[in-house]
Amino acid sequence: MLIYALVAGVLFGLYFSLVGIGLNLVFGVMRIVNLAHGDFLMLGAFVAFGIVTLAGIDPLFAVPLAFVVFLLVGVLLYWVLVPRLQGSVNPEMLSIILFFGLSQVIEAITTIFSGTSERSIQSRLLGTVFSTIKVKLFGGKPGPAGPVHIFGQGFPAPWVIAAGTSLLAIALVYVYLYRTRMGTLTRAVMSRRDEALATGIDVDRISAAAFGIGLGLAAVAGVFAPFMFGSVTPAFGADATVTSFAIVVLGSLGNPLGTALGGVVYGVCYMMVQTYLSSWADLLPYVLLIFILLLRPSGLLGRRVRVA
Amino acid sequence: MPSSLKHLLFMVVPLVVIFAVLPGVYQNHLLLFNFVIFLILAQGVNIIYGFTGYLPFGYVGFFGAGAYGFAIMVMQYQTPAVLAVIVAGLVGVALGLLLTPLLRLSGAYFAIANLAASLAVLHFVANPALESVTRGPYGVALSGTFDPNMAYAAAVVVMALTLVFVVFLKNSRFGLALQAVREDSVSASMAGVDVVRMRVIAWLASALVAGLAGGVYAWYVSVFYPDNVFSGDFSIFAIVFALFGGVATITGPIIGVIMLYGIYNLIGFTAPQYFQLIYGLLIMGLVLFLPAGLVSLATRRGWHVP
Amino acid sequence: MSPDSKPILNVSKVVKRFGGFYALDGLSFHVVSGEILGLVGPNGSGKTTAINVISGLYAPDGGEIVMDGVSIGGMASHKLVHRGVNRTFQVPKPFMSLTVRQNIEVALAYGRAAVTPPTTEALLDEYRLAEVADRPAADLNNVQQKILDLVRALATRPRLLLLDELAAGLNPTELDWIAERIKALAQTGIAIIVVEHLMGFIEHITDRVIVMNAGKEIFEGKLAVAVQVPQVIEVFLGGEHAA
C-alpha cells in the first residue's frame, strides 16, 4: 500500500510538474498571473478528443499538435494582451483580472461548441502506437498495453506514459533555458526585467516566446488530463489553475525547474492523503498552498537554485 | 457643509431610501435583494482593495463563512435571526483574524493565497465528516427563520452601515493614511503611520461586511448548499463591479453594480454561456482600456469624483 | 554646539548582515543636536544601510543604537517617527496618487509631533510647492518629489533627520537653496545626518564627517582633514588605481 502510494505519487507528481511548469514560466518571465492556465489544459484535452474522434489514432499524436497550436496561439495572445497590460499602473494585479476574463471567454466558447457534458477517452487508446511498433518489429499479437509493473505493483499504462512525457518535456525546458541563446536571454529577463530592457534585449520577443511555450506546455499537459483525472468538462480549467498554483508555489514561483520538485512533492502528498485520509484530500492543495506561502514564500528551492 | 455630510445626504440616504421603497413598487424582490447584496460586497472589496491595494480574490470565503455562521446559530442554538446575523459578521471577522498572516504576502501572492483560503473553507465546511455540524455537502434548510421581508430590511441596514464606513474612509485622515499605505508602505511608516495596524483594521472591516452580507443572504434564501454560498462568482462579481466603477471612491462601486448587474439580469438568465462570453470580453476590455474604472473618465478631465 | 554636549544619537558597534555579507560591520559614531554630520564613503560602504537601520527599516543584527538614552535598535519605523526620527529616501517615494497637500496631511496627522508642527500652507510656501499643492504627487518632477519627501519628514517635527542623497540631481541654484534650508534646520536644534556623494556640498554644510568603508568608520572629523589621511585616500581611489 505504501509503496503503491509512493510510486503512484511520483508518477502523478511528474505529471503535476508538467501541469504547473507553463504557469511558472509565464509568471517568472512576465510577472503575469495566467489565471486562464487551467483553461489551456482543458483545451489541450479537447485536442486529444478531436484526434481520437476525427482521426481515430493514438491520442499521443495530440501532444505535438497541441504544443504547436498553442505555441502559436500564445505568441498571438501575447501581442494582443500583454504589452498593453504592462503599460498600466499595476500589471501584476490587473493580470489576474485580465486573465480571469480570458478564462471566462474560453470556457464560454468551449461550452457553446461542445456543451457542458463530461468527456473522457478510453484509457487503452493511449499508447497504442507503442504496441503497434512492437508488433511490427517483434511480431506477436496486437492488443492494448496492459498495466506497467513497477516494484511488483501494476500501474495503469497512461500514468506511466504521462509521467514519461512530462519528464521529457521538463528536460526540454531545461535545455531551452540553459543551452540555447534564447534561453539565456529568457533567464536574463527573469532575473531583472528592467536591466534586460536597458541592455537592449528584445524583452517582448523573449516574453512572447515564453508565453507561447507556457501555453504549449499547458496544452500538452491537457492531452493527458482525461486519463489522469478520468474526464474533463469546460469548467475543469478553474480547479486546474488552483492546483497548478499550489504546485508552482511549492517548487518556487519564478523558477520553472523548481516546479519539477514541487510537482513530485505535491504528487506524493496527494497520493498519501488519498490513501490514508481520503475525505480530506480535497483540502490538500489549498492548505498546502497557504502554508508554503506563509512559511517559505520563496518555495522549497528558494532563490539558491536561481542564483546558482 | 463638510463633505462627509454632503456624501451622506446626497448619496447614502437616497440610495437607502430607494432600496427601502422599491419592494413596494417592484415585484422581483429577489433581484432587488441581490442588488443590495452586491452593493455591500462591492463596497467591501472597495474597502480592502481600493483603500489598501490587497486584491481579495477569495472574498467569498467571508461571505460563505457568514452564511454558515448564521445557519449554525439557527440550527444548533435556535437563536433569533438578528442575533445570528451579528454572529455571521463576527464569524467573518474571526476568519479574517485567522487569515491576517496572509497580509504579509504582496501582490499576486496575496490574491492567490486568499483564493486558496476561500476554497479551503469551502472544502472544510462541505466535508461529509462534519455533517453533524454543517450538514456537509447536503446543504442546510432553515425553515424556522424564513422571513424574506425582514431579511431584506436587514440587508438594507447592512448596506447603509457599509456605505457610512466608506464615506468615513473617503473623508477621514484614517482613510487618507490607508491610501498612503497602499501607495508606499515604507513612506507611510515614515509619516508615522502604523502600517500593520491600518491594514489589519481595513481587512477586518472588509471581512465583517462580507460576513454580515453572508448572514442576511442565508436568512433570505434559507435553503442553500456550500457551493452556492462559496461560489467564486461572488468574489469575481464584487471585484469586477467595484473595478468597473472605480475603486477608492464612494460612487464607483455603486455605479459598477447598478450598470453591470443590470446588464447581467437583462441578458444573463436565458443563455448563460453567451452571457459568460460577453462578461469575459467586458472584463478584458475593462482591464486593457479603462483600468481605473468609469470614474477615471471624469477624473482624467480634472473633475473630482467622491 | 559645544563638543561636550550630550549626543542625541549614539551608534555603537552596529552590525547588519545580508546572508553572509556584512553591510555594517561594527559601525560606531554619534551626533549631537544642531549638528550636521556627513556620512561619506565609496559605493557599498554601508551609508544607506546605516540610515535604514537607524530609521527602523532593518533591525540591526548586533550592537546598540541609543537615542535620548533609550535603545531604539529594531524599533518599528512609525514608533521611531513618533520619537522624533525621520528621513528622506535616495529615490523619493511619495504617495503618488494623493495630492501634494494630502501627502503632507498624512504626516501631519500621524507624525505625533512633540511640538506643534508647522501648517500645511507654511510648509508648501517655504518649500516652493504651493503651486502644485493640489496636483497628484505623480505629476511632480524628480526634484519636486525629493523636496516633497523632505517636507513629509519635516511635518513630523523630527529632532534627528537623516538625508539620503537629497542633493543628487539638483541644479546649482537649487543646491544653494537646499544647503541654506538644511543649515537653517540645524540651527533650530535638529541633528542632521547627510549621506552625499557631492563633496563640495558636504564640505559646505557639514560640521563633521564620518568616512565609512566596508561597513565601519575609518575616520571621524573635518572633511578637509579627511582628504589628507592616506587611509581615506586609499579607500576612495584605491579601487580605481588597482583596476
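Strands count as paired here when DSSP finds at least two bridges between them.

**Figure 1. Pairing of β4(C) with β5(C) in the predicted model.** The structure shown in this and the following views is a predicted model. Strand β4 of chain C covers residues 62-67, and two bridges link this strand to β5(C) in the antiparallel sense. Within β5(C), S71(C) is the bridge partner of V66(C). Strand β5 of chain C consists of residues 70-71.

**Figure 2. The open sheet of chain C.** The sheet is built from four strands of chain C in the order β2-β1-β4-β5, with antiparallel pairing. Its edge strands are β2 and β5 of chain C, each of which pairs on one side only. Across this sheet lies helix α1 of chain C, residues 47-54, which covers β1, β2 and β4 of chain C. The helix α1(C) runs at about 70° to β2(C).

**Figure 3. The β1-β2 hairpin of chain C.** Strand β1 (residues 7-18) of chain C and strand β2 (residues 21-32) of chain C run antiparallel and are joined by nine bridges. One bridge pair consists of K16(C) and its partner L24(C) in β2(C). Two residues lie between the strands of this hairpin. In the hairpin, G19(C) takes a positive phi near 65°.

**Figure 4. Chain C as a whole.** Chain C contains nine helices and 10 strands. For its 243 residues a compact globule would have a radius of gyration near 18 Å, and the 18 Å of chain C agrees with this. The C-alpha trace of chain C spans about 50 × 40 × 40 Å along its principal axes. Of the 243 residues in chain C, 46% are buried. Among the contacts of chain C with a separation of 6 or more, 67% are between residues 24 or more positions apart.

**Figure 5. The contact between chain B and chain C.** On the side of chain B, 16 residues take part, and these are in contact with 25 residues of chain C. The largest share of the chain B side, six residues, belongs to α8(B). By type, the residues of chain B that touch chain C are eight nonpolar, four polar and four charged. Chain A does not touch chain C: no contact joins these two chains, and their closest C-alpha atoms are 11 Å apart.

**Figure 6. The contact between chain A and chain B.** Two pairs of chains are in contact, and of these, chains A and B share the most contacts. Each of the two chains contributes to the contact, with 34 residues from chain A and 34 residues from chain B. On the chain A side, the elements that give two or more residues are α3 (62-86), α4 (91-114), α10 (236-251) and α12 (284-295) of chain A. Helix α4(A) supplies the largest share of that side, 16 residues. The chain A side divides into 25 nonpolar, five polar and four charged residues.

**Figure 7. Chain A as a whole.** Chain A has 13 helices and two strands. A compact globule of 308 residues would have a radius of gyration near 19 Å, which agrees with the 19 Å of chain A. Along the principal axes, the C-alpha trace of chain A spans about 60 × 40 × 40 Å. Buried residues account for 51% of the 308 residues in chain A. Of the contacts in chain A with a separation of 6 or more, 78% link residues 24 or more positions apart.

**Figure 8. Helix α12 of chain B.** This helix covers residues 232-245 of chain B. Its 14 residues should span 20 Å at 1.5 Å a residue, and the end C-alpha atoms lie 20 Å apart, so the span agrees. Helix α12(B) is mostly covered, with 11 of its 14 residues buried. The buried residues include F234(B), F237(B), F241(B) and F244(B). Also buried in α12(B) are S235(B), A238(B), I239(B), V240(B), A242(B), L243(B) and G245(B). Just after the helix α12(B), G246(B) has a positive phi of about 125°.

Key
Residues numbered from 1 in each chain as written. Chains lettered and ligands numbered in written order. Predicted model: local features only at pLDDT ≥ 70, side-chain atom pairs only at ≥ 80, totals over all residues. Contact = placed C-beta atoms within 7 Å. Nonpolar A, V, L, I, M, F, W, Y, C, P; charged D, E, K, R; others polar. Rg over C-alpha atoms; globule rule 2.2 N^0.38 Å. Buried ≥ 20, exposed ≤ 12 C-beta atoms within 10 Å, placed from the backbone. Expected span 1.5 Å × (residues − 1). Axes fitted to C-alpha atoms, helices over the stretch in contact; angles between N-to-C directions.
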